[in-house]
Amino acid sequence: MSSTTHSAEHHDDHGPAKGIKRWLFTTNHKDIGTLYLIFSLTMFFIGGSMALVIRSELMMPGLQFVHPEFFNQMTTMHALIMVFGAVMPAFVGLANWMIPMMIGGPDMALPRMNNWSFWILPIAFGILLSTLFMNGGAPAGGWTMYPPLVLQTGNAFPFLVFSVHLMGISSIMGAINIIVTIMNMRAPGMSLLKMPMFVWTWLITAYLLIAVMPVLAGAVTMLLTDQFFGTSFFLAAGGGDPVMFQHIFWFFGHPEVYIMILPAFGVVSEIIPTFARKPLFGHDSMVYAASSIAFLSFIVWAHHMFTVGMPLTGQLFFMFSTMLIAVPTGVKVFNWMATMWKGSMSFETPMLFSLAFLFLFTIGGFSGLMLAIAPADVQYHDTYFVVAHFHYVLVPGSVFGIMAAAYYWLPKWTGVMYDEKLGKIHFWASAIFVNLTFFPMHFLGLAGMPRRIPDYSTQFADFNMMASIGAIGFGLSQLLFVYIIIKAARGNGVKATAEVWDNPRGLEWTVPSPAPYHTFENPPTIKE
């Protein structure tokens with residue numbers, strides 16, 4: 001569908017903008033989607049290189065490469081960049097590209113705001129990365145920015161707060177745009193329940209973003225006034241409470257993790273039916289399940305805080321409400337499996353990533369249930385078990401979801417098929433190395449290895465070595481992903497057909513006349 005109804009490019013007296021101007025001033029949803037995706041891929045590599053610094057240091061016991069303070073800066077920056085710079089912008093890029101086309105709209109509803117919401121991001125991350133070169137170094141208090149630790153960051157602290165504000169403004173503007181587009185620009189006859197699952201999960205995600213980003217903004221602003229304006233919201237000496245920061249932060253932080261996974265649910269709900277050649281099982285129940293997950297995500301925040309000394313009643317409430325999230329999540333997993341049941345399955349790269357998502361995300365869900373048990377969580381808290389849990393949800397979850405979407409829609413974006421053989425090599429390398437990286441962390445955590453430390457006791461050496469080798473392998477595998485994308489973007493490949501995934505293996509279907517497809521006595525024959 002053409003995207004030219006709105007002014008597709010910035011026009012001046014000399015016709016359409018060319019070169020750099022086209023990208024700076026574009027209001028075309030496809031161009032802005034592309035910008036988001038390129039930015040996100042760049043941040044994925046910057047954040048990934050920080051993860052490799054962390055894993056290189058942890059390859060063996062003892063201090064090898066970096067100063068402990070720099071190690072803590074890397075853990076903090078890695079998380080902030082991956083969450084706000086890689087995963088979230090990638091999903092916004094997918095939304096920009098696909099939502100107008102999926103609902104039959106000409107473009108996004110607010111094209112100029114769309115442009116602005118993107119261009120704030122490079123500035124925000126420029127500011128965040130600049131803290132690496134400041135006196136005292138980058139923030140080292142963890143991505144959770146807990147006081148009083150984060151207040152000792154030095155010159156970088158106000159820049160950290162400013163960059164978080166900018167990221168929040170960008171997210172809120174993107175979310176408003178998505179909601180207005182979905183509510184006002186659907187094709188005639190497309191009721192809400194007729195929308196594709198990807199559109200639905202993004203509608204829910206957009207509401208989550210608008211609800212929680214201001215909460216994060218409030219928390220970091222209170223930190224700022226504690227540091228520079230003499231307030232004591234979180235300073236015990238002035239009558240404040242550092243635990244209150246944790247409550248405010250996690251009230252943002254828990255819905256945030258669902259903001260990072262719901263669009264991936266939508267992507268997988270588009271891909272599995274395509275390659276199983278069946279409609280999605282239980283479309284409406286998937287919508288209700290996603291909505292339930294979003295609602296429940298607001299009432300479970302203190303499961304991150306079982307060790308702060310909350311009353312037993314609080315522990316019980318947060319324990320049971322957290323376990324409740326397993327129900328709608330289980331509905332989704334069941335529906336994906338039911339979609340594949342007796343389907344005519346084929347295993348192209350997007351399907352492989354979706355199946356890995358399904359299997360590995362479920363492992364992350366099970367370790368999440370373990371962490372939900374309050375008395376057990378007191379033991380797991382702040383160990384590598386927690387690191388293993390959330391990386392299983394976010395890497396084979398969110399990141400594999402994004403990669404599945406990239407392979408699935410690349411033919412639509414570029415007009416050519418990506419290299420299927422290289423795609424499968426990329427998948428298998430990623431799937432093997434991601435498990436080699438994060439599975440051993442479960443054992444480290446259960447044995448008592450704490451998170452966010454540059455050195456450790458020698459009994460943890462073997463599993464750490466495995467995890468580090470896996471991380472380096474996973475990082476290098478992603479260079480192949482970039483090569484595949486560039487190759488397709490340059491138009492090097494077989495031309496994609498209009499119904500690109502209808503018949504991915506290029507098989508010619510012939511039906512013996514006059515038998516229709518659904519008669520079992522006279523099945524279709526396949527010619528290579």
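Rings of Phe, Tyr and Trp (its six-membered ring) pair if their centres lie within 6.5 Å; planes under 30 degrees apart count as stacked, over 60 as edge-to-face and the rest as tilted. This is a predicted model, where local features need pLDDT of at least 70 and side-chain atom pairs count only at pLDDT 80 or more, while totals for chains, interfaces and linings use all residues. Residues are numbered from 1 along each chain as its sequence is written, and side-chain values use heavy atoms, with hydrogens and water left out.

**View A. A cluster held together by ring pairs.** Phe 198, Phe 275, Phe 353, Phe 400, Tyr 407, Tyr 408, Trp 409, Tyr 418, Phe 427, Trp 428, Phe 481 and Trp 501 are its members.

View B. The whole structure has 42 aromatic pairs. The partners sit 106 residues apart, with Trp 143 in the loop between helix 4 (111–130) and helix 5 (156–184) and Phe 249 in helix 7 (242–259); helices are DSSP runs (H or I, at least four residues), numbered from the N terminus. Both Trp 143 and Phe 249 are buried (under 20% relative accessible area, 1.4 Å probe, protein chains only).

**View C. Arg 22 over Trp 23.** The charged end of Arg 22 lies 4.4 Å from the ring centre of Trp 23 (the cut-offs: CZ of Arg within 6 Å of the ring centre and within 35 degrees of the ring normal).

**View D. Helix 11, residues 326–340.** Its buried residues include Pro 328, Val 333, Trp 336 and Met 340. Lys 342 follows helix 11, with a positive phi near 60°.

Note on methods: Helix = DSSP H or I, 4+ residues; strand = E, 2+ residues; numbered from the N terminus. Expected span 1.5 Å × (residues − 1). Buried < 20%, exposed > 50% of the residue type's maximum accessible area, 1.4 Å probe, protein only.
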